[in-house]
Amino acid sequence: MRLKSSSDLVGHIAGFTSLRDVDLLEMSLLKTVFTTLRPLNVSLISLDTNNIILKRIDYSSEQVGHVSIRIKADDLLLRASEQLDRSTKEYCTLNEGDRAITVYLLSQNRRVSHYICIEAKGNIVTQSDSYQIIGMLRVFQNFRALLTEAQTDELTGLPNRKAFNNVTEKIGEAVVASPEVIECDKRKSSDEPPQFWLALADLDNFKVINDSFGHLMGDEVLVRTAQTIQGSIREDDMVFRYGGEEFAILVSAKEKEQVIQVLERVRQNVEGLDFQRLGKITISIGFTEMKDDVFALTLVETADKALYQSKSNGKNQITYQPTLSQQAYHEDIEDDAELF
Ligand SMILES: Nc1nc2c(ncn2[C@@H]2O[C@H](COP(=O)(O)OP(=O)(O)OP(=O)(O)O)[C@@H](O)[C@H]2O)c(=O)[nH]1
């Protein structure tokens, strides 16, 4: 066995708990399994109920942290995951020719299951390896849950501002912005990193709602608005609770018109909500594009300016404001705002 002693295991676990970022934590887990067992490949796989791998992170000597999204799961993996789902065991090994995979269930909900998959030439994973890996996965899971909780808004269940800051920072660094996109279904293959747009959406007259109908009603409005925005955006987009009654939306799109479509759907769906005592509510939105040479803080300020325009022009509308480079940022940008 490759872990020399229990102090090795403790060392790896101490390494996990020193991390404050879910992506780094996942990478550290893959690296630990890879360097201790030296298989061909270790991967973290998120498999949906249609047998599509939503996300797969690979760790091997050739591919350190290689990310693929939306790929079809191969037959051996499907059989292993099905077998694991049916059994009470925590791992399953299957062979095909001299290729062997050992699959461990990390977590599961109604739509998606997350697995760690070790692929090797022949079955190199012993039962005692598996017990140690399962122990490590438990620590990993618990710690990941803690990190996720710290980045989740308690009321709405959306990722919070801390999560937003992490994600925008990574988009800036192009860490999550350039996964290799191996498409299936009708989507076209593309090596270009996705283009993101930042929208800030703020409920109109929310103070009046709180003051006239009470904070419980205010909270209900926030929860249903969060669900409505989440249900109005696409899988590649993300919504965060940015502050009190303000939501940040990251929209992945090439053209501004596509972004307007998404945001207009958000605006209309929020307007379509009906609250028993309160009646209708509306939301104002401002957005801008995310560019390489613009800091996250500047992006937020620009989107906020666009939002301010929507508010001062009568609310319940969308405004676009182009981002400026760092040099041009201090110039007056009011004249560039476009209202929809
Ligand atoms: N119920 C509830 N209210 C909150 C929460 N967070 C912030 N608020 C309230 O949201 C209100 C925001 O008020 P304003 O910033 O004046 O905004 P507004 O009334 O929507 O005005 P406009 O944005 O101009 O339409 C304040 O009364 C806050 O107390 C929360 O979690 N729950």
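Begin with N316, which is partly exposed because 18 other C-beta atoms lie within 10 Å (the class between buried, 20 or more such neighbours, and exposed, 12 or fewer, with C-beta atoms placed from the backbone). This is a predicted model, in which local features need pLDDT of at least 70, side-chain atom pairs count only at pLDDT 80 or more, and totals for chains, interfaces and linings use all residues. Residues are numbered from 1 along each chain as its sequence is written.

N316 lies in the loop between α9 (296-312) and β12 (318-320); helices (H or I, at least four residues) and strands (E, at least two) are DSSP runs numbered from the N terminus. Its phi is positive, near 55 degrees, although the residue is not glycine. Most residues other than glycine have a negative phi.

Select R38 next, in the loop between α2 (22-37) and β1 (41-48). R38 also has a positive phi, of about 50 degrees, and counts as exposed because it has 12 C-beta neighbours inside 10 Å.

Now display the ligand. It is surrounded by 17 residues, the closest being F206, K207, H215, G218 and G244 (C-beta atom, placed from the backbone, within 6 Å). Two or more residues each come from β8 (196-203), α6 (206-213) and α7 (215-232).

Finally, select F287. In the largest nonpolar core, of 42 residues, L198, A199 and F287 touch the most other members (a core joins buried Ala, Val, Leu, Ile, Met, Phe, Trp, Tyr and Cys through C-beta atoms within 7 Å). The largest share of this core, 7 residues, comes from β8. A second, separate core of 29 residues includes L30, I45, Y91 and A100.
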